[in-house]
Amino acid sequence: MKRKKTLEHQWLEVGGRRRGLDGRGAGELKRLQRGFEGEVEMDRFVEAYGGNGWQVYRDVWLDCGGITQIDIMIVTAGGIYVCDAKNYSGDYVYADGRWYAGGRLLNRDIFVQLKRSMEKVNDMCTRIGPDIRAEGAVVFVNEHFELEMESSVFERVVMRNRIRKYLVEIDTAAVAGRLHVDRLCRAVETYMIENPYKPPVCDAGMYSLLAKGVNCVGCGSYGVGVGYRFIHCQNCRMKEGKEKGILRMICEYGVLMHHKDLILHDIYEFLGGEVEKRYLKTILGKYFKVLSRGKYAKYSNPRQIFDYSFGHLSFFYKDVAAR
Ligand SMILES: [Zn+2]
């Protein structure tokens, strides 16, 4: 399964597109985006060099004597492998247990997340069975990352140019391994939980500051023309099929207001009155599960951006790129 951005990440992205983030939110979005790109890059390596019979879990939460999040966990007949993907760039030094970036001391330990995860994962292994072993690695996926470090470092560090070798080694151990992968996965899955952290909520104050209306799929600008079949952008000249575009807007609302059900009037208001209520009602009825009917009908909120909920659909009126 392809990796998805977390709800918090989607929320920040949509909030940013509607000019609703303060400096802290914008910084957090940047950090999440960089991290996500690093994880996707690691996924590509696993896709390309992963072995047969591997079970790969992405962005999972474990509850085992404490809660921890893991970017990639690979279960093979040889054991369990936990990867913490880091997408840093620049010159780093690790010496005497301290990190330096660009010559300046960092006040955090880049290994700490993996260390904490491994405590819990090792705990889990002990509970599952006597022969179950887990190994952790911090994987630096960015090609513009340089690291200078002493040889005697706690866990395994994998640089980008060694990722392939690292995965091949995992597979060699898997081929020689005797664990029953399906059974092991079922045991591991009993420790998995949903992300326990609540995503941020758009309160009335933030809502009032958001840009309202339909935005352009190409350039993100507002003040587009909502026509009969297409949404026209005066800025970049792109045309988007209306049904898809409105569905995309309802999903934006759903992500921002993930704590609410979908209600026609709220969406009408969110879109600045640019889309007729009758049209919105048709789209809501066609694509979303009805929770309650009547004047104040409620529809189920998928709490996901368009790509994740409806990206697999094809629409009669296709997008037309700017010419
Ligand atoms: Zn545009």
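Phe270 is buried, because 22 other C-beta atoms lie within 10 Å of its own and the cut-off for burial is 20 or more. Phe270 is found in helix 8, residues 264–270. The model is predicted. The protein chain has 323 residues, and 30% of them count as buried. The chain is divided into two parts: domain 1 (7–193) and domain 2 (212–310).

**Overall build**

- The protein chain holds 10 helices and 16 strands.
- Along its principal axes, the C-alpha trace spans about 65 × 45 × 40 Å.
- Take the contacts in the chain with a separation of 6 or more: residues 24 or more positions apart account for 63% of them.

**Domains and their contact**

- Domain 1 covers 7–193, and domain 2 covers 212–310.
- The C-alpha centres of domain 1 and domain 2 lie 36 Å apart.
- Domain 1 gives 6 residues to the contact, and domain 2 gives 9 residues.
- On the side of domain 1 that touches domain 2, the classes are 3 nonpolar, 2 polar and 1 charged residues.

- An open sheet of 6 strands runs in the order 9-7-3-2-1-10, and its pairing is mixed.
- Its edge strands are strand 9 (156–159) and strand 10 (192–193), each of which pairs on one side only.
- Helix 4 (residues 163–176) packs on the sheet. This helix touches strand 2, strand 3, strand 7 (134–140) and strand 9.
- The direction of helix 4 makes about 65° with that of strand 2.
- Strands of a sheet pair through backbone hydrogen bonds, either parallel or antiparallel.

**Strand pairs within the sheet**

- Strand 2 (residues 67–76) and strand 3 (residues 79–86) run antiparallel, joined by 5 bridges. Val75 stands opposite Ile80 in strand 3.
- Strand 3 and strand 7 run parallel, with 7 bridges joining them. Lys86 has Phe140, in strand 7, as its bridge partner.
- Strand 7 is mostly covered, with 6 of its 7 residues buried.

**Annotated region**

- An unreviewed UniProt entry carries the annotation "domain: NERD" for residues 34–147.
- Over residues 34–147, the chain is 29% helix and 43% strand.
- The end C-alpha atoms of this stretch are 18 Å apart.

- Asp96 lies in the loop between strand 4 (90–95) and strand 5 (98–101).
- Asp96 and Met149 are 53 residues apart in sequence. In space they are 9.3 Å apart, C-alpha to C-alpha.

- Not counting residues up to four places away in sequence, Phe270 touches Lys212 and Tyr253.
- Phe270 and Tyr228 are 42 residues apart in sequence. Their C-alpha atoms are 20 Å apart in space.

Conventions. Residues are numbered from 1 along each chain as its sequence is written. This is a predicted model: local features need pLDDT of at least 70, side-chain atom pairs count only at pLDDT 80 or more; totals for chains, interfaces and linings use all residues. Two strands pair if DSSP finds at least two bridges between them. Helices (H or I, at least four residues) and strands (E, at least two) are DSSP runs, numbered from the N terminus. Two residues are in contact if their C-beta atoms, placed from the backbone, lie within 7 Å. Axes are lines fitted to C-alpha atoms, for helices over the stretch in contact, and angles run from 0 to 180 degrees between N-to-C directions. Domain bounds come from an automatic or database domain assignment. Ala, Val, Leu, Ile, Met, Phe, Trp, Tyr, Cys and Pro count as nonpolar, Asp, Glu, Lys and Arg as charged, and the others, Gly among them, as polar. UniProt positions are given in the numbering used here, feature names are shortened, and annotations may be inferred rather than shown by experiment. A residue is buried if 20 or more other C-beta atoms lie within 10 Å of its own, exposed if 12 or fewer, and partly exposed in between; C-beta atoms are placed from the backbone.
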